[in-house]
Amino acid sequence: MIENNVSKSIGIIGGGMGSISAAIYLIKNGFEVTIYEKNKTLGGRANIIENDGFRFDMGPSLLNYPWVFEELFKTLGENLNAHLDLIKIETGVKFLWDDKETFSVTSDYPNLSKEVSRLENSNINGLQSFLKINSIRYKTAFEKLLNTNLDNPLTWGSRLGLKELISGSMFKSMYSDLNKHFKSKYIKEAFGSYAMYLGGSPFKIPGFFSILPYGEIAYGLWMPKGGIYSLIEKLEELLIKNNVTIKKSNEISEIVINEKREVKGLINTNGDFYDHKFVISNADLATTHEKLINSAYSQNFEGTQMTPSVMTFYWGIKKETKFPHHMIFLPKNYKSSFEDLFYNKKFPKGMPFYTSSPSTSDNSLSPKGKSTMFVLVPLPVTEKSDQKNIYSNDIKKIKDKVFEKFNHHNIDLNEKDIEFEKVLTPDEWKTKFALYKTSAFGSSHNLFNIGPFRDANKSKNIRGLYFVGASTNPGTGLPMVTLGGKLVSERIMHDIS
Ligand SMILES: Cc1cc2nc3c(=O)[nH]c(=O)nc-3n(C[C@H](O)[C@H](O)[C@H](O)COP(=O)(O)OP(=O)(O)OC[C@H]3O[C@@H](n4cnc5c(N)ncnc54)[C@H](O)[C@@H]3O)c2cc1C
């Protein structure tokens with residue numbers, strides 16, 4: 001079977017956020033877009049679990065930089081606020097340590113200063129210098145580095161700026177960058193913990209990434225009413241309205257490439273052929289190379305450092321709880337738990353973990369008088385892509401440790417309070433979304449894997465093949481892959497002009 005008119009037709013493998021964004025920017029430029037998604041729903045890792053009135057976001061639980069999504073709606077002539085009610089999570093994130101110290105990071109400046117002053121011997125100079133330097137970096141990142149396809153390290157370096165290069169924030173670690181501003185180990189550990197999502201230890205990830213905690217403080221944390229998946233639902237409606245063809249439960253098994261190294265189309269697992277001169281793969285980059293491209297042309301990702309895998313729990317709770325919306329539990333052996341996670345590939349000592357209680361901010365997510373909780377435990381990835389993740393067997397051990405920690409912090413939640421439970425192991429995440437080595441967030445953002453050093457959104461050796469999503473540029477997280485969708489569409493327009 002042959003489908004589609006090749007002229008301006010683009011096939012996108014996968015329907016994650018990067019794909020949705022690329023589709024929107026491309027249809028505005030006159031392309032015909034078809035999305036092929038192996039699952040029954042769009043959204044990729046930003047997916048949904050529903051049961052008896054409980055509604056859980058499967059992956060992302062917090063939204064930052066809402067203007068990135070506003071721009072996406074605007075591209076289609078729509079207003080995000082007419083479609084979604086964005087709730088600001090005023091309480092931010094509460095960090096908790098085993099010695100019972102806590103630190104609440106919020107975008108409410110008076111409250112944040114009080115918290116910092118309490119931990120910094122009544123001094124907030126460090127907070128001010130941290131905010132000042134990172135506001136400059138943040139502007140540089142969004143105005144000069146993330147908004148355009150930059151392949152040349154020299155152009156990238158010059159856009160980063162001499163001052164930043166001299167300050168060495170790309171070459172020094174996040175922890176040493178934080179050390180310049182803060183004395184309190186609690187503040188440094190809390191802000192440094194953002195490195196986990198970037199796929200490395202705060203003692204190794206570049207200091208420039210202090211813009212992550214800065215971004216949350218300066219611009220807040222958000223959630224659409226109805227949860228993050230409401231964003232995907234609205235965008236899917238708009239894709240359909242704008243004539244994007246969406247083929248769900250349609251798994252692509254091969255990107256067809258001719259002997260001249262040009263893309264000819266796609267084949268799915270039923271053997272159907274789809275004729276496309278341009279293909280974007282939103283399947284994880286390493287998986288795309290390993291499974292969908294003829295090995296004669298594909299790249300090897302064995303040596304690429306990956307972000308961790310995760311075990312996630314979704315609990316429908318019998319009673320109404322009002323826990324802080326976001327909590328992060330950090331261990332006393334902070335440094336070694338990062339080393340275990342990323343470099344020793346061992347169960348991290350002290351087991352840091354994250355909880356989200358979205359029904360605290362939006363009671364439509366659970367039946368009346370009940371509530372929801374999501375728990376995310378980062379775990380090591382596998383050494384090889386075809387191995388099983390041994391930590392997938394540790395559901396009981398991990399769950400017991402979560403409740404031990406709750407008990408330690410007098411958090412009033414027991415196993416008997418749980419009415420509904422779903423668990424996703426690292427291997428289940430891998431199978432559902434074709435994730436390489438069970439990595440939850442894609443390839444890491446170490447110095448050798450950012451900007452022009454990160455794998456580009458265009459194939460080096462196959463004409464017509466492009467990439468979008470967490471493992472390519474600019475990086476992981478919903479705002480970044482959304483920007484990535486815009487970048488890949490610009491790349492294609494540039495190539496055909
Ligand atoms: C547990 C968890 C929590 C997270 N929390 C946050 C958060 O709070 N905030 C945030 O901003 N980000 C968060 N992230 C990161 C964010 O979810 C991802 O960076 C982002 O969703 C990745 O989007 P993507 O475009 O790479 O596509 P993906 O989500 O990877 O989607 C790719 C799609 O391709 C499909 N596919 C793969 N292979 C094929 C094939 N052969 N044929 C057809 N379809 C195929 C997959 O099924 C999938 O639907 C979280 C991620 C996880 C896992």
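This is a predicted model: local features need pLDDT of at least 70, side-chain atom pairs count only at pLDDT 80 or more; totals for chains, interfaces and linings use all residues.

Trainee: What makes the size of the protein chain agree with a compact globule?

Mentor: A compact globule of 497 residues would have a radius of gyration near 23 Å, and the protein chain has 22 Å, so the value agrees. The C-alpha trace spans about 65 × 55 × 45 Å along its principal axes. Buried residues come to 52% of the 497.

Trainee: What share of the contacts joins residues at least 24 apart?

Mentor: Among contacts between residues at least 6 apart in sequence, that share is 70%. The secondary structure comes to 17 helices and 20 strands.

Trainee: Why is Phe329 called buried?

Mentor: The cut-off is 20 or more other C-beta atoms within 10 Å. Phe329 has 24, so it is buried. It is found in strand β16. Beyond its neighbours within four places in sequence, Phe329 is in contact with Leu96, Pro352, Phe353 and Lys405. Lys114 is 215 residues away along the chain, and its C-alpha atom is separated from that of Phe329 by 21 Å.

Trainee: Why is Glu236 called partly exposed?

Mentor: Count again. Buried needs 20 or more, and exposed needs 12 or fewer. Glu236 has 18 other C-beta atoms within 10 Å, so it is partly exposed. The residue lies in helix α12, residues 229-241. Gly15 is 221 residues from Glu236 in sequence, but the C-alpha to C-alpha distance is 9.7 Å.

Trainee: Which strands make up the open sheet of 5 strands, and in what order?

Mentor: The order is β10-β3-β2-β14-β20, and the pairing is parallel.

Trainee: What makes β10 and β20 edge strands?

Mentor: Count partners. β10 (245-247) and β20 (465-467) each have a single partner strand, so one side of each is left without a neighbour in the sheet. From one strand to the next, the twist averages 20°.

Trainee: How do you know that β14 pairs with β20?

Mentor: Pairing takes at least two bridges. Strand β14 (residues 278-281) is joined to β20 by 3 bridges, and the two run parallel. Ile280 has Tyr466 in β20 as its bridge partner. On β2, 4 bridges pair that strand with β14, again in the parallel sense. There, Ile12 has Ile280 as its bridge partner.

Trainee: How do you know that both faces of β14 are covered?

Mentor: Check the residues on each side. Phe278 and Ile280 lie on one side, Val279 and Ser281 on the other, and all are buried.

Trainee: Which helix lies across β2, β3 and β14?

Mentor: Helix α1, residues 17-27. It runs at about 165° to β3.

Trainee: What makes the pairing of β7 with β16 count?

Mentor: The threshold is two bridges. β7 (residues 93-97) and β16 (residues 326-330) are joined by 5, and they run parallel. Phe95 stands opposite Ile328 in β16.

Trainee: Which sheet holds these two strands, and in what order?

Mentor: An open sheet of 7 strands, ordered β8-β7-β16-β17-β18-β15-β19, with mixed pairing. β8 (102-105) and β19 (418-424) are its edge strands, each pairing on one side only. The twist averages 15° from one strand to the next. Helix α16 (residues 426-433) packs on this sheet, touching β15 (309-317), β18 (371-379) and β19. The direction of α16 makes about 100° with that of β15.

Trainee: Which residues surrounding the ligand are the closest?

Mentor: Gly14, Gly16, Gly18, Gly44 and Gly469 are the closest of the 36 that surround it. The elements giving two or more residues to this shell are α1, β15 and α17 (478-496). α1 gives the most, with 3 residues.

Trainee: How do the residues of the shell divide?

Mentor: Into 17 nonpolar, 14 polar and 5 charged.

Key:
Residues are numbered from 1 along each chain as its sequence is written. Axes are lines fitted to C-alpha atoms, for helices over the stretch in contact, and angles run from 0 to 180 degrees between N-to-C directions. Two residues are in contact if their C-beta atoms, placed from the backbone, lie within 7 Å. The radius of gyration is taken over C-alpha atoms; the globule rule is 2.2 Å times the number of residues to the power 0.38. A residue is near a molecule or strand if its C-beta atom, placed from the backbone, lies within 6 Å of it. Ala, Val, Leu, Ile, Met, Phe, Trp, Tyr, Cys and Pro count as nonpolar, Asp, Glu, Lys and Arg as charged, and the others, Gly among them, as polar.
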